[in-house]
Every structure is written in structure tokens, then in C-alpha cells.
Amino acid sequence: MKLSNTFNRLRWRHWLLLSLLVLVLVIKWSPYLGYIYTLYIYSTIGRILSSFSGIFPFAIGDIFIALSIAWVILYPLYEIVLRKRLARRYAFLAAKGNSYLKTKTVWGRVAEYLLWIYVWFYMAWGLNYSQPNIYQRTGMKPAEVDKDKLREFAYRYADSLNSLSEELSMMKVNGLAAESCRKQMETAILREYDKIGRKEGINPSFNPHPHVKTMVFTPLSSMAGVTGSMAPFFCEFTLNGDIRPHDYPAIYAHEYAHFLGIANEGEANFYSYIVCTSSTNQAVRFSGYYHIFFHVLHNVFDILGEKEGEKFLNHIRPEIIRLAKDDRHYWLSKRSKVLDAAQDFVFDLYLKGNNVSEGRKSYSGVVALILAWEEQKKK
């Protein structure tokens, strides 16, 4: 009787897992269903999970991922050691039969656990990748990034960045890394997010008191070149503890866009830009402009050529150029080439496997999105 009950429980658990897998795959490949998920399902799931994870002062998602990786690696090793001990203790045939059965059980449990993780990831946040892109959500038309348009935008952008350069020295004098100053910047960012919503293709805030957390494994994240992340299993967004004060607002705004259901990296950069540069907080405005500096620079050199690129660099105030060089040196000093390359490779595959055909290049799509958004505003 007990064996029958156990079998029935296992059977229903497996049927539930199979049903959820089918549901995830159906939604994953349907933009319409993905949009329904983002608008109506994710906001509810996100509110529940973020309220729960907000109870804890640390990033429980980081701990969960670390423990899961450890279990997947150590559990089979532990069972293999036990099998060897059984083989020494019992007769050869009995040990051989037990070994075969135990091997199937061990790897079956590992496979089932990974499938539950897969389902949890997509049901909790990952299905946001399936929603239509920002052009379809907002009605914006993709802008043709010709040389004249890019040149006009680049120098207008440079003038805005230069005009805020004095804010950089003020940030250093006032020590804006302090907790109270960070709270002011976070409040300013959330205020701007409250002004936009579905008309701009993003969910309204579903948690009035979001809890940003510091990455538990900050040194490892810095070695891999990761400054922030969206932890989907408990709907947390986390920031690298090594982030410098002038980067904090824009990276916070970027990860908060992910928190609201934006999966595409270029779109998250876009929302970070329009929110930060619209703020009345000058430190937040500077961070918003500065955060896309390297993306703008890459586009100028790539499309307008090296000569125009050098001219553009000469148009930028020297203190901002020094800051950019200092930032590059700062992060490279913390980075591990092996971990950085591995993270880039895996993340690129991950993005391409989730309907982001550009992979890591999607980050640089922010400039094209800004140009399209400006064209939309003119109309």
C-alpha cells in the first residue's frame, strides 16, 4: 500500500512538472501569450515574490543559486562514494545491481531538479523574454541611424554630458556613496518611473518599496565583469558592491527596468537613460548620460569613422575623459580574464536562446532606441 501511494505521488509530481514545462514552452514561443504574461501574470508573481524576499536583508536568490550548483555537483559525487562502499561490503552481483539502480535514481533526481529550476525561472520572470519588442509595444518606428542623425545626436548628447560635468566634482566632495544620498537618488529614479508606464512599453511599479540588494558574491561578480543582475527566483534585483557613486543611479535604474519585466538589455539601458536624464536630481542626470557614453562612442567610431570619432572625443570635457579611463582601469584591475570571457560566452548564448538575437550586442542597441524615441516625441 505504501509503495502504491509513493508511486502515485511521484506520478502526479511528474505530470505536474510535464504540464508546467509544456505551458512554459507554449508561452515562450508566443509573443501574444508572452505579453499577457508580462502584463497580468508577472506583475502578480513579482509582487508576491519580491514582498517575500524583501523580508531578508541579503540576496536570497544568490544563496539559492550557489546552493543549487553545489547540490547538483556534490550530490552525485556523494552517491558514487556510497556505491563504492556498498560494492566492497556486499557480493559482486548484488552490488552491481544496486549500483545500476542507484545510478539511475541519482541522475534522475538531478535531472528532475534541474527541470523544476527551469520551470521556476521562466514562470517567475524568464517569460518576459517572450513579450513583443519595444517597437511593437509602443508603436515606435525603428530609426534609420544615418550619419547625419547620429552626428547631430552625438554632439547634442556630448553637450548635455559636458554641462553636467561640474556635478562630478560635487559628487566627490559630498561623498554621494553614502547611504542617505543613495536613498535620495533611488527615490528620484522611482519617481520618474512612476511617470511612465504602459504607454512607454513598461509595467507600472507593482511594489511601492522595492528592495535593492548587494550581490552576495561581489568580488566574484567583479571578476566576471557583472555590475548588476535580476535574480528571478525570488524577484530581487541586485547591484555589485564595487559600483562607483557616479554609476550607481544608472545601474540601479537599469536593473529596476528588469524588475518591472524588461528582459532585453538594450531596452533596460533605454529606460535607464530616459528615466535618469529626466530627473531633477543632477547626480542622477549625470549618471544617466554617462552610462551610455561608451555605447555612443562605439557608434560614432563604427558609423562615422575614426577621424570623426577623435573629433568627438576632443569635444568631451577632459574630466569626463579622465573619468572614463579611470573607470576602465578600475574594473579591469578587478577582472579575471578567464571568468570574464566565460561569463561573456555563457551570457551571449543565454540571451540568444531567449529571443535576443543580438546577444550581448543588444546592450549597444540603446542609441537606436533613443533616436527612435526622439522621433516619436517629435511626431
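**Sheet, patch and salt bridges**

Trainee: Which residue of E3 is the bridge partner of Thr-214?
Mentor: Residues are numbered from 1 along each chain as its sequence is written, and side-chain values use heavy atoms, with hydrogens and water left out. This is a predicted model, in which local features need pLDDT of at least 70 and side-chain atom pairs count only at pLDDT 80 or more, whereas totals for chains, interfaces and linings use all residues. Strands (E, at least two residues) and helices (H or I, at least four) are DSSP runs numbered from the N terminus. In E3, the partner of Thr-214 is Leu-239.

Trainee: In the open sheet of three strands, which strands stand at the edges?
Mentor: The order of the open sheet is E1-E3-E2, with mixed pairing, where two strands pair if DSSP finds at least two bridges between them. Each edge strand has a single partner strand, so one side of each is left without a neighbour in the sheet. The edge strands are E1 (212-214) and E2 (228-231).

Trainee: What angle does the direction of helix H10 make with that of E3?
Mentor: E1 and E3 (residues 236-239) pair in the parallel sense over three bridges. Helix H10 (residues 248-259) packs on this sheet and touches E1, E2 and E3, a contact being heavy atoms within 4.5 Å. Axes are lines fitted to C-alpha atoms, for helices over the stretch in contact, and angles run from 0 to 180 degrees between N-to-C directions. Between H10 and E3 the angle is about 160°.

Trainee: What is the relative accessible area of Cys-235?
Mentor: Cys-235 is found in the loop between E2 and E3, and its phi is positive, at about 50°, although Cys-235 is not a glycine. Most residues other than glycine have a negative phi. Buried means under 20% relative accessible area, exposed over 50% and partly exposed in between, with a 1.4 Å probe and protein chains only. Cys-235 counts as buried, because its relative accessible area is 2%.

Trainee: What is the area of the nonpolar surface patch that includes Val-216?
Mentor: Val-216 lies in the loop between E1 and H9 and is partly exposed, with a relative accessible area of 32%. Patch residues have over 30% relative accessible area and no salt bridge, with nonpolar side chains joined within 5 Å and like charges within 9 Å. Helix H3 (60-89) and helix H9 (218-223) each supply at least two residues of the patch. With Val-216, Phe-58, Ile-63, Leu-67, Phe-217, Leu-220, Met-223 and Leu-339, the patch has an area of about 650 Å².

Trainee: Which residue forms a salt bridge with Arg-151 at 3.6 Å?
Mentor: A salt bridge is a side-chain nitrogen of Lys or Arg within 4 Å of a carboxyl oxygen of Asp or Glu. The salt bridge at 3.6 Å is with Glu-308. Arg-151 lies in helix H6 (residues 147-163), and helix H14 (residues 306-315) holds the partner, so the pair ties together parts 157 residues apart in sequence, the partner being Glu-308.

Trainee: How far apart are the closest N and O atoms of Arg-244 and Asp-326?
Mentor: Arg-244 is buried, with a relative accessible area of 18%, while Asp-326 is partly exposed at 34%. Their closest N and O atoms form a salt bridge at a distance of 2.8 Å.

Methods
Areas by Shrake-Rupley, 256 points an atom, 1.4 Å probe, with all protein chains shown as cover.
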